[in-house]
Structure formats: C-alpha cells, structure tokens
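Reader: I have a sequence and a structure open together, and I would like to learn how to read them feature by feature. Could we go through them slowly?

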Amino acid sequence: MSAEPHIEQPQTTSAAHNLLASVGEPILMIARTVREIFEMFSLTLYYVVRGRKRWPAIFEQMYDVGNRSILFIAVTLGFLGMILIFQAGNQALQITGDLQVLGGLFLQLLLREFAPTIAAMMIATRVATGMAAQIGSMVVTEQVDALQMCAAQPVDYLVVPRFIACTIMMVILTIFAVLVAYVCGAFTAYMAFNLNPRTFIDLGFITWFDPIIGLVKAFAYGMAIPIIACHAGLNVFGGSEGVGRATTQAVVNASLAVVILDFIISGLGYVVLGLL
Amino acid sequence: MQSIAAKLIRPLHGVGQSFNYWAFQIGGLCILMARIMVNMLPWRWQFDGPETWRNLYRVGVKSFPIVAVTALLTGAIMVIQSGLYIEQYGAYGLLGWGAGYTILREIGPIMIGLMFSGRVGANNTAELGTMKVTDQIDALRALAIDPIGYLVMPRFLAMIIMMFLLVVVGNFTALVGGAITSQLLLGVNMKLFAWSVITYVFLDDLFHGLIKAVAFGFAIAIISCHFGLNTQGGAVGVGRAVNASVVGSAIAIFVLDYIITFASM
Amino acid sequence: MIVVDNISKSHLGRPVLENVSIEIPEGTNLGLIGPGGAGKTLLLKIICGLVKPDSGKVTIGGIDVHKLGATQLADLRFRIGMLFQNYALFDFMNVADNIAFPLRQEGTLGELEIAERVKKALHDISLSTIGNRFPNELSGGMKKRVSFARAVIRQPPILFYDDPTAGLDPVISSKIFILLRTMQQERGTTAVTISHDIGGIKEICDFFAMIDRGQIIFHGNRDAIERCEIPLVMQFWRGFSDDDLDG
C-alpha cells in the first residue's frame, strides 16, 4: 500500500509546540494501547463466560504454554534459587553468622515475590513472543480476515483458548517454580555452606498469607500476559517487519505489565497484612 | 513390525534433532563471537562511526523510559518485600541496606537485563531477521560490505555500552523508587533510608552489579545478532527467531549471573 | 445489490481511497483492475466489513455493513464467500478441516453431511486426494483452489475474489477462471473479481472498474471499456505502455 512516498505534513515549528507534541504523543499512544487492552480483556471475559469452549484448542495451548516451558522455567528458576541462596548466605554469614533461618525466609520470599514474578517474566518472554508471532503471522497472511469472513470472532477463536490455558498454566508453573528454586537453593546451601537440607527445609515462617499472595500474583500475570500478547499480535500491519515489531511490543508490554501488577499486588498485600 | 520400529525410533529422533539444534545454535554463537573478535583486531578494525552513533541512540535513549519505569517499580517492590520483615523486627535502619543490597547486586541487573533483552534484543533480532528474509543481507554481501563490520559491530558496541549505562541509571532510579515507597507506604523517613544505603552498602556491591551488566549486554548482543542473522522462512520465521532470541537471552542472563556470583565470592 | 457510497479511507495520514462510489447489480460480476497499491484489496475489505472506512457507507441488499453488531455481521457473512490474495488457509488445520470450517461455524449441518460436502468440493477442484494434507505441503495453485473451495462451500450468493490467479502459471489460471465461470453460470452469484489477468476477467466479468491512486477512473460494461479513451485504461486493457514507467 505504500508505494508512494509520504506526503509531508505541514509543520508548525514553535519550540513549545514541539515540546508538548513530543510529550503528548507517547502519552496518547500509551493511553490508547491501555484502553484497547482493557477492551480486549472485557471482550475475552464475555466470550469465556458466554462462548462455546473448545477444549481441544485449550489443551493444545496448555501444552504449548505449560509443558514446553517446563525446561525453560526449570533452568532459569533453578539458577535464580542458587544465586539468591549464595548471596543471602554470604551476607548472613558476614552479619549474623547464623544460617538457621535462611531456608525458611527464602521459602517465604520465593512464595511472595520471586517465584511468581520471575516465572511470569520468563513466560512473558517465551510465551508472549510466541503468541504474538503466531497471531501476527496469521494477520499478515490474511488468516484472521478469513476467520472473520467465515463468521468466527478472532477474540473468541484465538484469544479465549490462549487466555484460559495461560491462566491455568501460569498458576501451575508458579508452583513448579517454587519447588525448583527451593530444591536448587537447598542444594546450594548444602554445597556452599554445608547447611543440612533438614535445617534448610523449614516451613515455620509460612503463614496462609504467603501462598495466597503468590497464587494471586500468578493468576493476575496469567490473565495479563496472553491478552497483551494477543493484542500485539492482532494489531500487526506490514509484512515480516510488522511481525517483528509486534513480538518486541508483546514482550516489552507483558514484562512491564508483570512489574506493574507485582507492584500493585505487593502494595495491596502489605496494606492488607497491616490491617489484619 | 515397521510401525513398532518407527515408534521406538521416534523419541531417539527427537533427541537427535534437538541435539542438532542446540549444537547448531551454540556453534553459531561461538563463530559469531570469534568473527567479532577478529573484527576487533587492530589491523582488521572496522568502525562505522555514524552507524554506531545511531545505534547508541536507538539502543540507549529509546529504551530509557522502559528501564526507568521498571527500575522505579522494582525498587518499590523490594522495599515493600523487605518492609514486611523490617516491621516485624522494628529494625528500620536496615531497610536501606536490605533493599539496596538486593537491588545493586541482583535484582537491578536481572530486571533491567530482562527488559533490555525484550526491548533491544528482540527488536534487534526482528530487524536483522527481516533484513535476512528480504535478502537485504545478501544484497550487502553482493556490494562487498561485510555484514559483521557494518551491521553487527555497531550493535554489539552499542548494546554493551548502553546496558552498562542503563544499569547505572537504573540502579539509582530503583533506589529513588525505594526511598519514595519507604516514605509513603512504610512511613520510614527518606533520610534514614539514604543513610542506611550509604552506611551499609559498599562500592563493591555496585561494581558486582555493573560487571553483570556488561556480561549481560555482551550475551544479549551476541545472541540477538546470531538469531537475527540465521532467520529463515518469512514472517513466521521472524517471529520464531525473536522468540528463540529472548529465550536464549533469558537463559544466558541467569547462567552468567550465577557464574559471576560464584566467581566473585 | 451492493452499493458503495462515497467511501474514503486513509492509512497513516495518507489517503488510500477517496470518494469511491460504485454499484454492483444482483447477479453480475464486477472486474476490478488497477495498478498495484491503488487500493483494490482495501476496497474489497471495506465492502465485506473487515475494515471500517473513515467516511461513506456500504450497503449489501439494503443493509449498512458498518452499522451491524458482531452477530448480525456474522449472519451477513454466512452469505458471503471470499477468496484471499495470499490464500489465507489456516495453517493449523488440514485441507478438509479448512474447507469444512465455514460450515462448522454455521453449525446447521451434521458432521456426516459436512464430510459429504467437503468430499464433493474437493472433487470439484480435482484435488480429491489431499484432504489430510496441511496447507504448507501444497503448491500455490493447489492452495488457491483449496481456498476457492472454502470460499464457495456455503454456496453463498455473494463472492469476492482477490486476485484469484496471482503467481500461477497460465494453465492453472485458466482452470481457475473456468471454475469461477461455472460458479457464476450455475448459481447466478453476485461477485467482485480483482485481477491483473485481463484475458481471464474479460471472459467472466460483466462490468469493469478501474482504480488508480484511490479513485475510480473508469466504470462501465465491456463495450465501454473497449472504446474507452483514458490512456491508463487503454494501457491496462491492451497490455502495453507507450510512455515512461514512472508516469
């Protein structure tokens, strides 16, 4: 469509105008993206409740999101567990010389913060790029138009199975992530600080609050990531360049959403815990 | 009988295939690294000033807002998480230490590295991949322009330099975010927070994080260029390459982080 | 009867279609020609409601396409078939499922009957044996024919063909045009055909329109286009150029 060069827009060149434009344009763009994402989210919820469930498609997506991420999550979260125990153990040795509470506190922090968030960051890179690339290339090759012409709604047909699958799998992967990181942490504590795994595995610090907030986070991330990825994918224009742009946008937006949701839920959790 | 044999072979086939895949990728990464090193030799040195400058701008300035937001929120989250313990023991003077130590040594470089890989690494793979599938790279070769010198080197340098600078800025932003949160949410005075950071957090901790930043920048540059230059198969291929690139970068970030942490003790 | 009334659309601040109006009477086939990037595909997508125009309206059988809700639009699309430029076959389904998809989506026929219809459709495009294969294993000509079978499986009264013979060799092209013509003669469908293959659409279309830079520069029947004096139309129709390429 762009065989001809762009027609120059008339420019009003006052410094104040330019400054305002350079600030306002990104803000407008961000506002529009956020609004579109929320619209898609509500449409998806509508179809989740009202639409026909396509279980084969959902299971296929669950396999894609879950089973195929297991190795990736295991490697990254395993290393994270080792790193954190290494750093924390060294610091604890220097300051208190006591490693008795290391395992218990580590488990608590894993549940509250690191396992859900880092696992979600990993899913945001692996799954969000995959979804955006897949749906984006469907848009580029007119398959999404063809879906619409066959009277199938793209949100119903493409987004809903991914949404359901990712939400379920995110919770499961978070539990898996806690286990992997904890086991690797215990191993490191034994190897580096000669800490007995029986001392390390300590559930004494855990209250009902810790697993609940971890699962709430996982649930929220699991809903946000597929919506953002599919939004990026469905808004592709242009050929392979457009697909590349969409995948980048998907991973950036999804990671940012994870960080922002983490901040909001952690803050709320802190306030709730203070009230109780 | 044949089908049973085929069923027995199939898992082996998968193993062999993924072995081939990994061997190809790791070998390709090593070759790319070697070619970059050869390009670094004084008598082979090719330096495209304007192109490097353009990449520094694109890599650094364009990803600054995202890194700043991420760092600000990460600092805030770290303060909230340590706040729960600090409150329990009433040791408000340790808040700055807890947040500062984790941010500077671990979480700052990791989070900024992951965002950098998503923003810059993915973008870079997509760009090089698009050039590859539209035959632009072959066109460069046909014009006797070395793609390593012209395309990879400026990106490589820009990514390492900018990752370093972004972590410096990001660490500072994260501490600011932590200070604001400690004041507003926990009611711990910002001055106490700052005092705690200055007293308990050492320059070593900062350098530890910065070494990681350089290593992550190096890994992201090599990985994103490698997957971009080996893209095949149109728009679908570009998507797949970006996916592989960010996954590879994430694994590299955690593995390198572990190695550096382990080596520095 | 399809009425396109004063449609305008711009993309990234650049006008792509400007005040396009055209009427397609019931049971006729309109041939749409024009240089690449003139807005032909976009016009087609606006007519079937895939893209919203900036201004103007499209009515199909008296119904304004762009004012319909999702379900009404779906109902309308049950009566429309479309053959896409890039095949647009779903690459995660095999050929038989691709062809059956519009019927399954409609949900009025049983699986047995759908299988029967798919078998007949595959037979009609003389590709009876490829039902279990996937689109990426097929050649361009086969994909075009499968895409055609999917477009007509619901036997819709309205059909849109976006470049049905792009990138195909002359033998396959003429086969496809024969398929289109039999479709037309048997069912009396209303159709729009975009093509660069003047020899082909000469045979199957009743009316012709030419778009250049987002505007209709010619609209009329076969006699009118034969006698047309506009240079660009003459060049297209007769397939030569007597001035510079960049004109």
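Reader: Leaving aside its neighbours within four places in sequence, which residues is C:Asn94 in contact with?

Author: A word on the source comes before the case: this is a predicted model, in which local features need pLDDT of at least 70 and side-chain atom pairs count only at pLDDT 80 or more, while totals for chains, interfaces and linings use all residues. Residues are numbered from 1 along each chain as its sequence is written, chains are lettered from A and ligands numbered from 1 in the order in which they are written, and side-chain values use heavy atoms, with hydrogens and water left out. Contact means heavy atoms within 4.5 Å, and with the neighbours within four places in sequence set aside, C:Asn94 is in contact with C:Gly131, C:Asn132, C:Arg133 and C:Phe134.

Reader: Where is the place of C:Asn94, and is C:Asn94 buried or exposed?

Author: Buried means under 20% relative accessible area, exposed over 50%, and partly exposed in between, with a 1.4 Å probe and protein chains only. C:Asn94 sits in the loop between β6 (80–83) and α3 of chain C, where helices (H or I, at least four residues) and strands (E, at least two) are DSSP runs numbered from the N terminus. Its relative accessibility is 14%, so C:Asn94 counts as buried. A polar atom of the side chain of C:Asn94 lies 3.3 Å from the backbone nitrogen of C:Ala96, and the backbone nitrogen of C:Asp97 lies 2.9 Å from a polar atom of that side chain.

Reader: How is a pair of aromatic rings described?

Author: Such a pair is described by the distance of the centres and the angle of the planes. Rings of Phe, Tyr and Trp (its six-membered ring) pair if their centres lie within 6.5 Å, and planes under 30 degrees apart count as stacked, over 60 as edge-to-face and the rest as tilted. A search of the whole structure finds 19 aromatic pairs over all chains. One of them is the tilted pair of A:Phe106 and A:Phe200, at 6.2 Å centre to centre with 50 degrees between the planes. This pair links distant parts of the chain, with A:Phe106 in helix α4 of chain A and A:Phe200 in helix α7 (residues 197–200) of chain A, 94 residues apart, and both residues are buried.

Reader: Which aromatic pair joins two chains?

Author: A:Tyr157 and C:Phe101 form an edge-to-face pair, 5.2 Å centre to centre and 90 degrees between the planes. A:Tyr157 lies in helix α6 (residues 154–193) of chain A and C:Phe101 in helix α3 (residues 95–106) of chain C, so this pair joins two chains. A:Tyr157 is buried at a relative accessible area of 16%, and C:Phe101 counts as buried at 5% relative accessibility.

Reader: How many residues does the contact take from chain A and from chain B?

Author: The contact takes 48 residues from chain A and 54 residues from chain B. Buried area is the accessible area (1.4 Å probe) that two parts lose on being put together, summed over both, and chain A and chain B bury about 4,400 Å² between them, 80% of it on carbon and sulfur atoms. A:Ile83, A:Gln87 and A:Tyr270 supply 16% of the area that chain A buries against chain B, more than any other three residues.

Methods:
Polar contact = N/O pair within 3.5 Å; in protein donor to acceptor, adjacent residues only side chain to side chain.
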